[in-house]
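This briefing covers the chains, the contacts between them, and a few selected helices. Please have the structure open while reading.

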Amino acid sequence: MKNVLKSFVFLLILFILVELISYALVPYHNLKYSLYEISKYEILTEEKDTVDSIFVGDSLIYSAFSPMEVWNNYGFTTFACANSAQLLEDAYNYLEIANDTQHPKVMFLETNVIFRNPKNKVWYYDYKNIMSSLYIINYHNNWKKFMFNFLNNDTKFSKVNVYKGFKYIDKTQSAKYRDYMKYSEKITEIPKGNLDIFDKIVKYCNQNNIKLVLVSTPNMKSWSYSKHARILNLKDEYGLDFIDLNIDNPLGIDWKTETRDKGNHLNYYGAVKVSNFIGDYLKTNNLVKDHRNDKKYESWNESYEIYSKSVIK
Amino acid sequence: MEKLIQILEELNPEVDYNTCEDLVDGRHLDSLTILSLISEIEDEFDVVIPTTEIIPANFNSAKKIWELITRLEEEI
Amino acid sequence: MSYFGLFPLFVFLPLVIIIYNILPKKVRPIVLLIASYIFFYIISNKLIVFVILSSLSIYIAGLIMREIDKDRDKLLEKVQEKEEKKLIKSKYKKRKKVILILTILFNVSFLFFFKYLNFFTLTFNDILKFLNIDYSFKVIKHLAPIGISFYTLEAISYLVDSYNEKIVPSNNIIKVLLYLSFFPTIMEGPITRFNEIDSSICSGEKVTYHNLCFGYQRIFYGLFKKYVIADRLNIFVKLIFSSYLNYSGVTVLFGAIFYTILLYMEFSGTMDVVIGASEIFNVKLPENFKAPFFSKNISEFWSRWHITLGTWFKDYIFYPVSLSKCVKKVAGLFKKLFNSHVSSLVMGFVALFAVWSLNGLWHGAGWTFILFGYYHFILIFLGNIFEPFISKICLKLKINRNNRIYKSLRIIKTTFLVFIGELIFRAPTVNVATGMIKRIFTNFTFNNFGSEMLSLKLDIKDYAIVIISLIVVFVISVLKEKGKNVRESISKKNIVIRWSLYYLLILSIIVFGAYGVGYQPVEPIYADF
């Protein structure tokens, strides 16, 4: 019994120490939010009013959208506001949080989220999210910002979040191509309740001067023509922009080499294409500014340096 | 026994074989030297040392080697 | 998958420990066996069939040999005459030999099929092409069961030891199955002998608090070596070995040095994890490393590095070959012609050649590995030829070979030779290996040294961490080499110091570990052999 107690105390102290160290390592700008919230809403790691556009969505987004690519090629500051199996309500919450610290001018919304039924919420996702507050140790490389500074003074930038919401997973599993966007008369229904939330999102964007763009990123497994058709209706109803990257494969996604799990999620190479497309869209419509030569954004350059080390072989 | 120590000294003169008790574990005899040692012993004492007997415990001191030889002589 | 993940160490292992502890003593070995099979199934899927086949084959062969021994002993009791006894012995030995050879062939054929068939067909096709014969054999590609090189050697040692009556083959099937597939050792060894672990592996002793703590401490030490040092050096090594022409000789040499460090940290770190995990279940495994970089010559190095592989080759290849009848005959001839020194060199030559050919091949079916084997063969053999001359010269020059400077010089020389050896081992092709070695010797300039070292994706703070961590590992090695039990002495300190040390170790893995953004972890190197 004594030993059980002892182990418990040991683990408790360990947990506290890890939490304390996390506070030291995570880019931290606002004490209003807890570590748990930061790990859930990663955009909180960015300095106030630096991110100009956000891409809200589920795992499709953290696989398909890499803000660092946009930064390097276009100089726009973007962020992937993604959680796995995100519900439309979560998307709305994320939007609110993002707008609290940033004032994005553009919001892209991955349309797959609109079809996710809140009833099908998997019970363990909440626990998974709690576990992900330990995931905060992924910022552990920020020790370089405040240790051994006599060797080379690296403190001119603050601690950084390198991936900006993107998850780099080095994996490729080919998919067999099938015509998943075959024309059909059918229309997939949007789950009840989601329409109200969608309405809320549109209103929130209008109030805060955020341009809302609906995007469907390349995805063979869960996207279909009938979903496309439904979103077309929705778009007309609200007068929004809708870009479907699945129709006629405009990005030329190679499903043999550019997906990490047989057509469900894109891998890094697919993400580069999607990110460049988004950058191009922002540029042609003249929606945001190029910050590459702005001193205030130098930490983005530094992030890119670390980023390029880890993704390019 | 004297003969044995003579053989050992020819192979590696840097060791005091009357006292040393870690010939193998202390790396005074490496595997090639053990080979020469075995062939010398086999010629000198007319015994055959089977591979199963070549374990550090049997070769760690001159005394142990001598015990092995006498044991093998008896077995024949 | 490797042993280092969160799942095996912090989900799978704790679960096994809990189930193991709550069930009664008698069932516990079965728990370990089932856990081992589940683990193997996770890493190798259906290929688990081959481990089970191997285990069953040695179990049955062992029992048959035991029966033969029993029959023989019965007969021997009745007979008095020496000559007749000899006759009976040799007759029964022959019967056992048939069983032995058949079972070894059965086991080795799997190994050959999975690991070498591919390589040999490719080589054979090359020969055919060279001879202008327009035919090529089909190359069959398949995945090998992980750890096959390790458990096949264990199977052979079980068979040979049974044959030589060094061990009594067990009739406890759980024990034999568990011996081959015990989950901590299945992937990367250490290569154990049946009599080393047979009593502890099936004892079913309860997991004690003490064992649990000690085991996990060792596991964390292994994690430290892997995450903080090995993984950090990986990118550097990868870059050098894939494009060595872009770098000067010194930097290439550092590639070889870092690779050697990486290999040592990865492999010995795995061993810490493996030995620690076994310790929890009261199974004491043999050590696989004993401060290899304190070796004074290559043959000593191999008695300190991957020890269980070295002793396996010594016991089952080196002595059997060198003391086999035909080698002895040849050696006898040389003895008549020259002297006993020459004859033992001949015996050694043949045996060492066999050992290092197999050692090279064991590491992998590829020319770099074969070259790696012969490189060590040549170094060890030359060492033996020159040894008498060197000792004579030293005597004449009155150099005390035990003095510190002489010893350190030998250690430095050996370590350098090891770096070159591991370079050959890591190089993708023999051409790259020779090219790199050439570059080290012909392009040895410090001109761009600093900028090159910093261009290889490690910054100065990474180097600082590597150096500090290596000092920690070095100090612990020195203490161990002096015969001190580091964990035991830490456990005697008071709780504040003790726990602070543990927290320091765990937190430094979390903070300084080279994982996540900007790093690429090392794949388990030995698991593929």
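Two residues are in contact if their C-beta atoms, placed from the backbone, lie within 7 Å. The model is predicted. With that cut-off, the buried residues of helix 9 of chain A pack against strand 1 (53–57), helix 3 (59–64), helix 4 (67–74), strand 3 (106–110) and helix 10 of chain A.

**Helix 9 of chain A**

- The residues of this helix that are buried are A:Y268, A:G270, A:A271, A:K273, A:V274, A:S275, A:F277, A:I278, A:G279 and A:L282.
- After helix 9 of chain A comes A:N286, which has a positive phi, near 55°.

**Chain A as a whole**

- Chain A contains ten helices and five strands.
- For 313 residues, a compact globule would have a radius of gyration near 20 Å, and chain A agrees with this at 20 Å.
- The C-alpha trace of chain A extends over about 65 × 55 × 45 Å along its principal axes.
- In chain A, 38% of the 313 residues count as buried.
- Among the contacts in chain A with a separation of 6 or more, 79% are between residues 24 or more positions apart.

**Chain B as a whole**

- Chain B has four helices and zero strands, and its pattern along the sequence reads α-α-α-α.
- For 76 residues, the radius of gyration of a compact globule would be near 11 Å; chain B has 11 Å, in agreement.
- Taken along the principal axes, a box of roughly 35 × 25 × 20 Å is filled by the C-alpha atoms of chain B.
- Of the 76 residues in chain B, 30% are buried.
- Contacts in chain B between residues at least 6 apart in sequence include 59% that join residues at least 24 apart.

**Contacts between chains**

- Two pairs of chains touch, and the pair with the most contacts is chains A and C.
- In that pair, 20 residues of chain A are in contact with 17 residues of chain C.
- On the chain A side, helix 1 (2–25) and helix 10 (298–311) of chain A are the elements that give two or more residues.
- Helix 1 of chain A gives the most to this side, with six residues.
- By class, the side of chain A that touches chain C has twelve nonpolar, six polar and two charged residues.
- Between chains B and C, twelve residues of chain B are in contact with 18 residues of chain C.
- The side of chain B that touches chain C divides into four nonpolar, five polar and three charged residues.
- Chain A and chain B are joined by no contact, and their closest C-alpha atoms are 40 Å apart.

**Helix 3 and helix 5 of chain C**

- Two packed helices are described by the angle between their axes and the distance between the axes.
- Helix 3 (residues 48–78) and helix 5 (residues 148–163) of chain C pack with axes 10 Å apart and at an angle of about 5°.
- Angles under 35 degrees count as roughly parallel, and helix 3 and helix 5 of chain C are therefore roughly parallel to each other.
- Helix 3 of chain C contributes C:V51, C:S54, C:I58, C:A61, C:G62 and C:M65 to the contact, while helix 5 of chain C contributes C:Y151, C:T152, C:A155, C:Y158, C:L159, C:S162 and C:Y163.
- The contact residues of these two helices comprise nine nonpolar, four polar and no charged.

**Helix 9 of chain C**

- Helix 9 (residues 249–280) of chain C has 32 residues, which should span 46 Å at 1.5 Å a residue; its end C-alpha atoms are 46 Å apart, which agrees.
- Helix 9 of chain C is largely enclosed by the rest of the structure, because 29 of its 32 residues are buried.
- C:N282 follows helix 9 of chain C and has a positive phi, near 70°.

**C:F449**

- C:F449 lies in helix 17 (residues 449–455) of chain C.
- With 14 other C-beta atoms within 10 Å, C:F449 is partly exposed.
- Not counting residues up to four places away in sequence, C:F449 touches C:V250 and C:T251.
- C:F449 and C:F130 are 319 residues apart along the chain, and their C-alpha atoms are separated by 44 Å.

Notes
Residues numbered from 1 in each chain as written. Chains lettered and ligands numbered in written order. Predicted model: local features only at pLDDT ≥ 70, side-chain atom pairs only at ≥ 80, totals over all residues. Nonpolar A, V, L, I, M, F, W, Y, C, P; charged D, E, K, R; others polar. Axes fitted to C-alpha atoms, helices over the stretch in contact; angles between N-to-C directions. Parallel < 35°, antiparallel > 145°, perpendicular 65-115°, else oblique. Rg over C-alpha atoms; globule rule 2.2 N^0.38 Å. Buried ≥ 20, exposed ≤ 12 C-beta atoms within 10 Å, placed from the backbone. Expected span 1.5 Å × (residues − 1).
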